[in-house]
Amino acid sequence: MGRDNTDTWFFFGDSITLGVNDTEMPGGFVARLALLGAKQGFFELPPATFYNLGARRQKLAQIEARFEQEYTARLMPGIRSRLAFCTGTVDIMGGADPLELGRDLARLLAKAKGIAPTLFICPPPAAGEERSASIRAFGLAACEVCRNINVPCVNLYEDLVRADFTSLITDAVHPGPQGNQLIAELLMARPEIRTFLTVAD
């Protein structure tokens, strides 16, 4: 990594991105992913920078409304930016239709893609079969949206189901330390994430 550049990753999302209920340091899958990436030699911490810009109870539309301003506020000379989004859980919990939410996602990601390299992470399963089925449906819709606009998409839903992820949820939605570590490890194994985290001078 050159001294003239600061590779920077911005993660936008809701309380799952924020790491609510992860009671162990570093806390949340974003920080855990950053440490895994550094350990595997994708970048050095510092100067590489990870911003966790998750916010509790925020729907996709709220994230869309704020992300550009929050991104711009953190710009500095020499920054090389990437944008990641993980959203949809709050909307689904509120009864949103997965396909309609997919159309909203297309608009959000199109805006982000025009700013910096962008990646989408589908939300993980939640407690309750009906809610999880809707989250799964949204994830499938999100994958299709991302293919159509050429944005990398990582859907861990089936992997998390196989790993009994819901047993690691501390309430109806939020994973604890083990759940966040599992998400980070599964993300790190995906080629889309490894490309997203690769820096080049």
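This report describes aromatic contacts and salt bridges in a predicted model.

## Basis of the model

Because the model is predicted, local features are reported at pLDDT of at least 70 and side-chain atom pairs at pLDDT 80 or more, while totals for chains, interfaces and linings use all residues. Residues are numbered from 1 along each chain as its sequence is written, and side-chain values use heavy atoms, with hydrogens and water left out.

## Aromatic pairs and their cluster

Ten aromatic pairs are present in the structure. Rings of Phe, Tyr and Trp (for Trp, the six-membered ring) are paired if their centres lie within 6.5 Å; planes under 30 degrees apart are called stacked, those over 60 edge-to-face, and the rest tilted. One of the pairs is formed by Trp9 and Phe43, which is tilted because the ring planes stand at 45 degrees, with the centres 5.2 Å apart. Trp9 belongs to strand β1 (residues 6-13) and Phe43 to the loop between α2 (28-39) and β2 (49-54), so this contact ties together parts that are 34 residues apart in sequence. Helices (H or I, at least four residues) and strands (E, at least two) are DSSP runs numbered from the N terminus.

Trp9 is buried, at a relative accessible area of 0%, and Phe43 is buried as well, at 4%. Here, buried means under 20% relative accessible area, exposed means over 50%, and partly exposed lies in between (1.4 Å probe, protein chains only). Phe11 and Phe50 form a stacked pair, with 6.1 Å from centre to centre and 20 degrees between the planes. This pair links distant parts of the chain, since Phe11 is in strand β1 and Phe50 in strand β2, 39 residues apart. Phe11 has a relative accessible area of 3% and is buried; Phe50, at 18%, also counts as buried. Trp9, Phe11, Phe43 and Phe50 together make up one aromatic cluster.

## A charge over a ring

The charged end of Arg74 sits over the ring of Tyr51, at 5.4 Å from the ring centre. The criterion for such a contact is NZ of Lys or CZ of Arg within 6 Å of the ring centre and within 35 degrees of the ring normal.

## Salt bridges

Side chains of opposite charge can pair when their charged atoms come close. A salt bridge is defined as a side-chain nitrogen of Lys or Arg within 4 Å of a carboxyl oxygen of Asp or Glu, and the count by this rule is eleven. One of them joins Arg66 and Glu70, with an N to O distance of 3.0 Å. Both residues lie in helix α3 (residues 60-72), four residues apart, about one turn of the helix. Arg66 is buried, with a relative accessible area of 12%, whereas Glu70 is partly exposed at 23%.

Asp159 takes part in a salt bridge with Arg162, where the closest N and O atoms are 2.4 Å apart. Arg162 and Asp159 are three residues apart in helix α7 (residues 157-162), and about one helical turn therefore separates them. Arg162 is exposed at 61% relative accessibility, while Asp159 is partly exposed at 22%. Asp159 also meets Arg190 in a salt bridge (3.0 Å, N to O). Arg190 counts as partly exposed, at 21% relative accessibility. Elsewhere, salt bridges with shared partners join Glu64, Asp104, Arg107 and Lys111 into one network.
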